[in-house]
Amino acid sequence: MARGAHLQVDWYDEPHAYDIVFAEDTRAEGRFLVEMLRVHGPKPKRGGQRRALEPACGSGRLVCELARRGLSVVGFDLNDAMLDYARSKLRARKLRARLEHADMTNFRFEGRFDLVHCLVSTFKYLLDEASARAHLECVARALRPGGIYVVGLHLSDYSRATASQERWIARRNGTLVTCVTRVEPAQRKSRLERVRTRLTIERGGKIARTETRWNFRTYDARQFARLVASVPEFECVALHDFHYEADVPRSLDDARADCVYVLRKRARALSPERRLFRASARS
Ligand SMILES: C[S@@+](CC[C@H](N)C(=O)[O-])C[C@H]1O[C@@H](n2cnc3c(N)ncnc32)[C@H](O)[C@@H]1O
């Protein structure tokens, strides 16, 4: 490989670098999720431990954070390197959680959860409407009535013609990771955007450069609202942004780019008439 070139990899096969890059917000996200549960979630069962589920839990940074905050946590992912890393983090911190290999479009776990969450645009890995809906239906089945699903994703601006780029630099125990993520303009017709992440990992005088490319499904505010409305178990009860300030909600029709939606499972399903009305309003 030419000097300075990037090795093509799946960056989720490098959980350590991923974990270092995303560590910064973990405490704020954990605090925010617990607060969303307190404000919008179901009443705790007397003496019972709150239960949280994280689809696509990755390196387990939030699994550990919520377990540390006293929740009973289940996480799952498709990438075994990520799951192994998450298990070793739990062991190192003497925390307990259940971790499984499973797909976001088709999962079922024993018992019901108070909170399900999926942050940092991971929802956009569901590449078509059928997968996104199948996922929401699995989440609805997993939640207690009144339970909440917190979904954070970056909305697309289809009028934008240029790529956007973000850069993060983070260090842990002598490893320095620079992450540059570039997103090409969202395509309204295909509902896809091309994403490229480049990692530069520096440790002990050695430098590794990797690159990962993938597609994300795109949403603007209307498209996301339409998807949620197609799953009658859910209502949207709050909107926040990536600052994770529980006491600073945005108005529900705010369409700015970084959105964290709080969806609540209705205590009672919609009546057949109301379902019919919603379906005809959508078409
Ligand atoms: C951006 S990471 C998010 C990890 C974690 N939720 C967090 O907040 O740090 C995305 C994760 O989604 C996983 N993933 C992608 N598609 C998936 C699917 N269909 N089912 C389960 N996991 C999936 C990847 O393996 C990766 O670990």
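User: How is the chain divided into domains?
Analyst: The model is predicted. The chain falls into domain 1, made of 11–156 + 218–282, and domain 2, made of 158–217.

User: And how many Å separate the centres of domain 1 and domain 2?
Analyst: Taken over C-alpha atoms, the two centres are 23 Å apart.

User: How many residues are in contact between domain 1 and domain 2?
Analyst: On the side of domain 1 there are 16 residues, in contact with 19 residues of domain 2. The domain 1 side of this contact consists of eight nonpolar, three polar and five charged residues.

User: Changing topic: which residues are closest to the ligand?
Analyst: The closest are Ala56, Gly58, Asn79, Met104 and Tyr125, out of 19 residues that surround the ligand. The shell is made up of eleven nonpolar, four polar and four charged residues.

User: Where does alanine 56 lie?
Analyst: Alanine 56 is in the loop that joins strand 2 (51–55) to helix 3 (61–68). Its phi is positive, about 60°, although the residue is not a glycine.

User: Is alanine 56 buried or exposed, and why?
Analyst: Alanine 56 counts as buried because it has 22 C-beta neighbours inside 10 Å, and the cut-off for buried is 20 or more.

User: What follows helix 3?
Analyst: Glycine 70 follows helix 3, and its phi is positive, near 95°.

User: At what angle do helix 1 and helix 4 pack?
Analyst: Helix 1 (residues 15–22) packs on helix 4 (residues 80–92) at about 65°, and the axes are 9 Å apart. The two helices are therefore roughly perpendicular.

User: Which residues make the contact?
Analyst: Helix 1 contributes Pro15, His16 and Asp19, while helix 4 contributes Ala81, Met82 and Tyr85. By class, the contact of helix 1 with helix 4 has four nonpolar residues, one polar and one charged.

User: Now alanine 140. Where is it found?
Analyst: Alanine 140 belongs to helix 5 (residues 129–142). It is partly exposed, since 19 other C-beta atoms lie within 10 Å, whereas a buried residue needs 20 or more.

User: What is alanine 140 in contact with, leaving aside neighbours within four places in sequence?
Analyst: Alanine 140 is in contact with Val231, Glu233, Phe234 and Lys265. Phenylalanine 234 is 94 residues away in sequence, yet the C-alpha atoms of the pair are 7.4 Å apart.

User: Alanine 267: buried or exposed?
Analyst: Alanine 267 is exposed, with 10 other C-beta atoms within 10 Å. Alanine 267 is placed in the loop between strand 12 and helix 7 (272–282). Not counting residues up to four places away in sequence, alanine 267 touches Pro145 and Gly146. Its C-alpha atom is 8.6 Å from that of glutamate 233, which is 34 residues away along the chain.

User: Where is asparagine 173 found?
Analyst: Asparagine 173 is in the loop between strand 7 (164–172) and strand 8 (175–183). With 7 C-beta neighbours inside 10 Å, asparagine 173 counts as exposed.

User: Last one: what is the place of tryptophan 214?
Analyst: Tryptophan 214 is in strand 10 (residues 206–217). It counts as partly exposed, with 16 C-beta neighbours inside 10 Å. Between the C-alpha atoms of tryptophan 214 and leucine 192 there are 9.9 Å, and the two are 22 residues apart along the chain.

Terms used
Residues are numbered from 1 along each chain as its sequence is written. This is a predicted model: local features need pLDDT of at least 70, side-chain atom pairs count only at pLDDT 80 or more; totals for chains, interfaces and linings use all residues. Axes are lines fitted to C-alpha atoms, for helices over the stretch in contact, and angles run from 0 to 180 degrees between N-to-C directions. Helices (H or I, at least four residues) and strands (E, at least two) are DSSP runs, numbered from the N terminus. Angles under 35 degrees count as roughly parallel, over 145 as roughly antiparallel, 65 to 115 as roughly perpendicular and the rest as oblique. Two residues are in contact if their C-beta atoms, placed from the backbone, lie within 7 Å. Ala, Val, Leu, Ile, Met, Phe, Trp, Tyr, Cys and Pro count as nonpolar, Asp, Glu, Lys and Arg as charged, and the others, Gly among them, as polar. Domain bounds come from an automatic or database domain assignment. A residue is near a molecule or strand if its C-beta atom, placed from the backbone, lies within 6 Å of it. A residue is buried if 20 or more other C-beta atoms lie within 10 Å of its own, exposed if 12 or fewer, and partly exposed in between; C-beta atoms are placed from the backbone.
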